[in-house]
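Here are a few exercises to work through with the model open beside you. Try each task before reading its solution.

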Amino acid sequence: MAADVHNKGVTWDTMNGSLAPVDRLRSDRSDSPTPGLVEGTEPGAGQEHAQHMFVHAQSFEDLTADSESNPDSELTGSSNSALVDSEEGETKEEEQRGGADNEEEQKEPEEEKQEVQSGVRLKEEDVTSEAWRRHRKHVFVLSEAGKPIYTRYGTEEALSTTMGVMMALVSFVEAEKNIIRSIHADGCRVVFLHKSPLVLVGVSRSSQSDRELSRELQYVYYQIVSLLTLTQLNHVFQHKQNYDLRRLLAGSEHLTDSLLRLLDRDPGLLLNAVMSLPLASSARDVVSASLQAAKAKSLVFSILLAGNRLVTLVRKKDQYLHHMDLHLLFNLVGSSSSFREGEGWTPICLPKFNTAGFFHAHISYLEPKSDLCLILVSTDREDFFNLSDCKRRFLERLRKRSAYQALQEALRTPTYPVSQVGIPELWHFVYKSKSSGLYTSPELPVPYQREEEHERLIGLYRYLHSCLHHPTRPLRSVYRCGDTENLFAWATSGFELYLCFSPLGTKALAMSAVTKLLKWIRKEEDRLFILNPLTY
């Protein structure tokens with residue numbers, strides 16, 4: 001298959017850490033008899049001369065690498081620190097911020113109150129009960145002084161002694177000039193992540209590896225940083241080591257709860273990718289151009305979401321968004337329906353962009369009952385009315401065009417059935433284009449629509465992903481037979497593909513299905529991916 005794609009006469013250049021194919025290979029990819037295996041030629045890679053929307057790296061490991069020591073290194077282009085509000089001298093303002101958030105949350109509609117009440121029941125759970133122990137995964141956050149900050153189940157007060165023991169373990173090992181990574185005992189994995197001034201602990205009975213659990217703890221850490229900034233965190237604990245951080249995080253626990261649910265159910269967080277809304281490329285280009293025209297001097301990112309799918313993203317030239325930051329924005333919007341009440345204005349730190357300061361986000365829905373949410377990310381805290389005018393101009397421009405009707409139609413069918421591919425034995429798949437940072441996946445078939453089965457399927461994909469990205473023995477492909485389904489995963493320099501088949505299928509069938517599926521994705525890539533992202 002690779003022989004059909006590779007051209008020995010084609011050279012490759014590497015600039016700024018990104019693999020950049022020459023124009024000749026770009027133009028040849030659409031005529032290739034098989035989809036490209038090389039980055040830049042795979043289905044969903046984007047049109048010739050198209051810009052990346054996201055921070056780009058040559059490997060998944062580079063993309064997910066933690067760079068706390070140099071947060072600005074996440075961005076290719078101009079300095080991040082010049083774009084965001086500095087946190088120096090703003091401690092008092094941020095302590096008041098929690099109160100402002102609480103006032104907004106008092107406006108929640110009934111449906112969100114029901115979700116909150118459900119979360120309250122879990123928080124009130126008896127931590128000495130067998131039901132509490134039987135939870136598949138626990139997450140704890142504490143300060144270096146052993147002060148409880150967050151627990152997924154139960155109350156922080158009831159677990160203060162347990163968290164004190166956790167901190168004692170960390171301190172004891174570090175006193176010997178070492179680092180505690182994990183403990184395996186009695187079918188449990190206890191994973192530690194020390195990100196000064198916080199300590200995060202995950203306890204799991206699942207099949208997840210230490211590395212996967214550590215990545216999930218990093219998401220939780222970045223969720224906290226997005227609310228406060230790392231500068232604020234360090235400032236608070238430098239002045240008072242045993243400070244109770246829950247005072248600053250009051251009312252935000254539901255964001256972390258929601259993020260942990262996403263980690264269990266959304267393959268995008270596993271793949272470090274985002275799913276785009278299936279939409280005709282002509283309509284998407286009009287939407288992007290309308291968003292590009294409604295710009296302001298302080299705007300850095302303009303993002304249009306449809307539920308948990310990306311419609312388009314327009315960014316300032318030379319500024320790139322990291323997938324983790326976009327997932328945190330998804331979580332912020334999806335966790336609170338208060339944004340449906342009107343136009344929201346909230347400070348938010350994008351920690352993979354810069355941990356030291358806040359952007360200011362204008363968040364609003366295009367229509368009260370629509371799933372279309374517009375996020376305008378600005379560097380100016382006083383720019384609310386200007387960005388509100390940007391939204392008005394975007395909406396006026398869009399409504400004059402037929403693309404708006406196409407967008408409304410796409411919202412009625414935000415996904416597609418796997419039967420469109422035309423492979424009867426194929427039940428489900430997840431395909432990620434490494435160049436674009438986008439992935440596509442059909443709706444879940446009946447066997448996986450129950451919550452438990454959905455999470456089990458994501459768990460199977462997570463296992464395949466861990467095989468492909470093993471730190472010392474990575475595999476290029478995996479075929480796994482099971483009683484209820486067969487699975488296949490394949491990673492190339494251009495894409496990652498995860499397939500779920502009928503248990504009656506064979507390996508030969510899986511191989512032939514891969515070629516057919518990739519050709520179908522190539523045929524539909526204009527609709528499934530954002531091939532021509534724009535900049536200001």
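**Exercise 1. Find which residues of helix 13 are buried, and work out how they are arranged around its axis.**

Step 1. This is a predicted model, in which local features need pLDDT of at least 70 and side-chain atom pairs count only at pLDDT 80 or more, while totals for chains, interfaces and linings use all residues. Residues are numbered from 1 along each chain as its sequence is written, and side-chain values use heavy atoms, with hydrogens and water left out.

Step 2. Apply the cut-offs: buried means under 20% relative accessible area, exposed over 50%, and partly exposed in between (1.4 Å probe, protein chains only). The buried residues of helix 13 are Ala283, Arg284, Val287, Ser288, Ser290 and Leu291.

Step 3. These residues span an arc of only 160 degrees around the axis, so they sit on the same side of helix 13. The arc is taken from the directions from the helix axis to the C-beta atoms.

Step 4. Recall that an α-helix has 3.6 residues a turn, so residues three or four places apart point the same way.

Step 5. Look at the cover: among the elements over these buried residues are strand 10 (299–306), helix 15 (384–399) and helix 18 (507–528). Helices (H or I, at least four residues) and strands (E, at least two) are DSSP runs, numbered from the N terminus.

**Exercise 2. Describe how helix 11 meets helix 17.**

Step 1. The axes of helix 11 (residues 253–265) and helix 17 (residues 451–468) come within 8 Å and cross at roughly 65 degrees. Axes are lines fitted to C-alpha atoms, for helices over the stretch in contact, and angles run from 0 to 180 degrees between N-to-C directions.

Step 2. Helix 11 is therefore roughly perpendicular to helix 17, a label for angles of 65 to 115 degrees.

Step 3. With contact meaning heavy atoms within 4.5 Å, helix 11 contributes Leu263, Asp264 and Arg265, and helix 17 contributes Glu451, His454, Glu455, Ile458 and Arg462.

**Exercise 3. Compare the backbone and exposure of Asn272 and Asp318.**

Step 1. Asn272 is not a glycine, yet has a positive phi of about 55 degrees; for Asp318, also not a glycine, phi is positive at about 75 degrees.

Step 2. Asn272 lies in the loop between helix 12 (267–271) and strand 9 (274–275), and Asp318 in the loop between strand 11 and helix 14 (323–335).

Step 3. Asn272 counts as buried because its relative accessibility is 0%, whereas Asp318, at 39%, counts as partly exposed.

Definitions and conventions. Angles under 35 degrees count as roughly parallel, over 145 as roughly antiparallel, 65 to 115 as roughly perpendicular and the rest as oblique.
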